[in-house]
Amino acid sequence: MTTGARAGYGIVKSDREHLHEDWEFLESDKGQSKTLRAGNYEYPFEAILPGTSPESVEGLPDTWVIYRIKATVQRGRFAKDFITRKHFRVIRTFDDSALELSHGM
């Protein structure tokens with residue numbers, strides 16, 4: 001999660017790691033590597049954000065809250081790792097039971 005605000009003449013940027021999880025999708029013997037054939041691979045996963053996580057905020061000039069996820073394919077000592085990042089939005093919604101409160105107004 002990245003949050004930020006302008007202060008004075010510059011931009012103050014604050015990066016805060018809100019959740020950190022490491023998953024290994026391919027088990028390998030110690031010291032041994034695995035070779036994958038060319039193609040696309042999918043490794044489904046899920047992560048639950050804490051209930052106190054703020055909703056995404058974008059498009060404002062002075063503040064923002066942005067969520068990103070990063071995946072790394074480690075390729076060994078002599079090859080550069082593959083790294084990709086994906087931006088996603090957190091949108092808070094009311095539970096169905098909370099809608100009863102709005103009917104009384």
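Buried means under 20% relative accessible area, exposed over 50%, and partly exposed in between, with a 1.4 Å probe and only protein chains counted. The model is predicted, so local features need pLDDT of at least 70 and side-chain atom pairs count only at pLDDT 80 or more, while totals for chains, interfaces and linings use all residues. Residues are numbered from 1 along each chain as its sequence is written, and side-chain values use heavy atoms, with hydrogens and water left out.

## The overall layout

Helices (H or I, at least four residues) and strands (E, at least two) are DSSP runs, numbered from the N terminus. Read from that end, the order is β-β-β-β-α. Of the 105 residues in the protein, 9% are buried.

## One salt bridge

Let's start with charge pairing. A salt bridge here is a side-chain nitrogen of Lys or Arg within 4 Å of a carboxyl oxygen of Asp or Glu. Searching the whole structure gives one salt bridge. It joins the side chains of R89 and E58, with 3.1 Å from N to O. R89 sits in the loop between strand 4 and helix 1 (99-103) and E58 in the loop between strand 2 and strand 3, so the contact ties together parts that are 31 residues apart in sequence. R89, at 57%, counts as exposed.

## Two aromatic pairs

Next come the rings. A pair of aromatic rings is described by the distance of the centres and the angle of the planes. Rings of Phe, Tyr and Trp (its six-membered ring) pair if their centres lie within 6.5 Å; planes under 30 degrees apart count as stacked, over 60 as edge-to-face and the rest as tilted. How many aromatic pairs does a search of the whole structure find? There are two aromatic pairs.

W23 and F45 form a tilted pair, because their ring centres are 5.2 Å apart and their planes stand at 40 degrees. Both W23 and F45 lie in the loop between strand 2 and strand 3, so this pair links parts that are 22 residues apart in sequence.

Y67 and F88 make a tilted pair too, at 5.8 Å centre to centre and with 35 degrees between the planes. Y67 belongs to strand 3 and F88 to strand 4 (residues 82-88), so here the pair ties together parts that are 21 residues apart in sequence.

| Residue | Relative accessible area | Class |
|---|---|---|
| W23 | 39% | partly exposed |
| F45 | 44% | partly exposed |
| Y67 | 3% | buried |
| F88 | 32% | partly exposed |

## Patches on the surface

Patches are made of residues with over 30% relative accessible area and no salt bridge: like charges are joined within 9 Å, and nonpolar side chains (Val, Leu, Ile, Met, Phe, Trp, Tyr) within 5 Å. The accessible areas come from the Shrake-Rupley method with a 1.4 Å probe; for residues, only the protein chains shown count as cover.

A nonpolar patch of about 810 Å² is made by W23, F25, L26, L36, Y41, Y43, F45, I69 and F88. One of its members, F25, lies in the loop between strand 2 and strand 3 and is partly exposed at 40% relative accessibility.

There is also a patch of negative charge, where E21, D22, E24 and E27 gather on the surface. Lys and Arg count as positive and Asp and Glu as negative, while His and the chain ends are not counted. The place of a charge is taken as NZ of Lys, CZ of Arg, CG of Asp or CD of Glu.

## Distances across the chain

F25 and Y43 are 18 residues apart in sequence and 6.9 Å apart in space. P44 and F25, 19 residues apart in sequence, have 9.3 Å between their C-alpha atoms. P44 is found in the loop between strand 2 and strand 3 and is exposed, with a relative accessible area of 75%.

F82 lies in strand 4 and is exposed at 51%. The C-alpha atoms of F82 and T72 are separated by 5.6 Å, and the two residues are ten apart along the chain.
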